[in-house]
Amino acid sequence: MLAAMPDSAPPPLSPGGASPRDGGDACPGTLRLHRADDGALARVRVPGGVLSPDRADALLAVAGRFGDGELHLTSRGNVQLRGLDAECGGGPAELLGAAGLLPSAAHERARNIVASPLAGLDGSPSVSGWLSRLDGLVCGSAAAAALSGRFLFALDSGRGDTDALGADVTLIAEGGDCLLRVGAADEVFRLPAADGPRAALLAAETFLHAARASGAWRVKDLPDDVRAALVRATGAAAGPAVHRPRPRTAKGPAPGLVTAPGNGTTVTAISVGVPLGRLTPAQWRLLTDTARRYGNELRLTPWRGIVLPGPFGKTGETEQTRETGQNGRNGRTTPSEHATEALDALAAAGLITGPDSPWTGVGACIGHPGCAKSLSDVRAEAGAAVGPVGRLPVYWSGCERRCGHPHGEWIDVVVTPDGHRISHVRGEHRDPRPVAGNDPAALAAAVAEARS
């Protein structure tokens, strides 16, 4: 039973100054828009990345009616709508609220929850119960409305994928139990799985109490002694401690058909990547229509991809094969063969459907001209530099803020006034080297060498 908790070196990867609250929490939402160079920006929280096709339609309708028509995926599995008209007023929020995407105006920026996108599909347990329960608890907590738009919850099915994303509070499935992590602490706390969502909320509320003096937005921003006290308080209210260091690298689902563990022939989902996280209306409609034909769900991933759950059948099997035992192809096809056809259609639409795509592992911030702080059109630069798939992912940033950068091990490309700086990032460690000038061929070669 849970007890109640008490009320010339390059700059760091995370933005910030002397105080994390300098300038206030500027994270955009649906009700609080951000003014960008390409128009207003709305960030729609999608807890766990889980969308129904109807809600996906509502997002597309808002993007088309008020914005640039495209949908932009974020590194937290949310959706950004860009190019919104300055005169749009409350129109976007009204449409999104009617679709159920804005259940609480007071908590709309606090609903930051990432979840393992393959949970329940690859042999790992489902976290859907945790997700709905935690979202409801957050929206029902008056204190949680004070969480910043940066504070992050993670629900990990045991794969270690979302546990590696640097969340402030993480729940990890292990057998029939739950492991609770606060910040990057190596110690996690074991408790019954049913108590996980409530424990996560209590940890977040206790963080708010601990952050009053320092003004920290996130657990990592707390002074060391305050952060240690927060972890101790969490353990006192949760359960026994378990030594479990956080995984160093966050790996998303591989693009392609997802199969059940064991025989590897039962298709449970389709996984696709989205080049630079930007989806055209046609691509979004194709994804939504595909979801309607199969599992009636889209899961947006923190790696700017989308998983479309089944159910499907077994690969390479037709109705005639099942009924007669023949290996013919003139019978009616099973859903798994339809899934293969759907994957081909998604590839033809420009999405990443296999590991051999040159876009695999390539990411970038919005860059110029969408962002006034960007020193370059990094999306164009990233496109010009795509080539053979590298061993490591690469992320292009138009300035030192590195908005949306990945976690773990990756190649960091940052535009500087003198050219570009390429770094091999390993957790908190970087090995930087400058690339002078703006020669695209030299830059592409340097990035390819770093990734390999």
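Author: A salt bridge is taken here as a side-chain nitrogen of Lys or Arg within 4 Å of a carboxyl oxygen of Asp or Glu. The model is predicted: local features need pLDDT of at least 70 and side-chain atom pairs count only at pLDDT 80 or more, whereas totals for chains, interfaces and linings use all residues. Residues are numbered from 1 along each chain as its sequence is written, and side-chain values use heavy atoms, leaving out hydrogens and water.

Reader: How many residues apart in sequence are the parts that Asp54 and Arg292 tie together?

Author: A search of the whole structure finds 18 salt bridges, and one of them joins the side chains of Asp54 and Arg292 (2.9 Å, N to O). Helices (H or I, at least four residues) and strands (E, at least two) are DSSP runs, numbered from the N terminus. Asp54 lies in helix H1 and Arg292 in helix H6, so the separation in sequence is 238 residues.

Reader: Does Asp54 count as buried or exposed?

Author: With a 1.4 Å probe and protein chains only, buried means under 20% relative accessible area, exposed over 50%, and partly exposed in between. The relative accessibility of Asp54 is 56%, so this residue counts as exposed.

Reader: Which strands stand at the edges of the open sheet?

Author: Two strands pair if DSSP finds at least two bridges between them. The open sheet has 6 strands in the order S6-S7-S8-S9-S10-S11, with mixed pairing. Each edge strand has a single partner, so one side of each is left without a neighbour in the sheet; these are S6 and S11.
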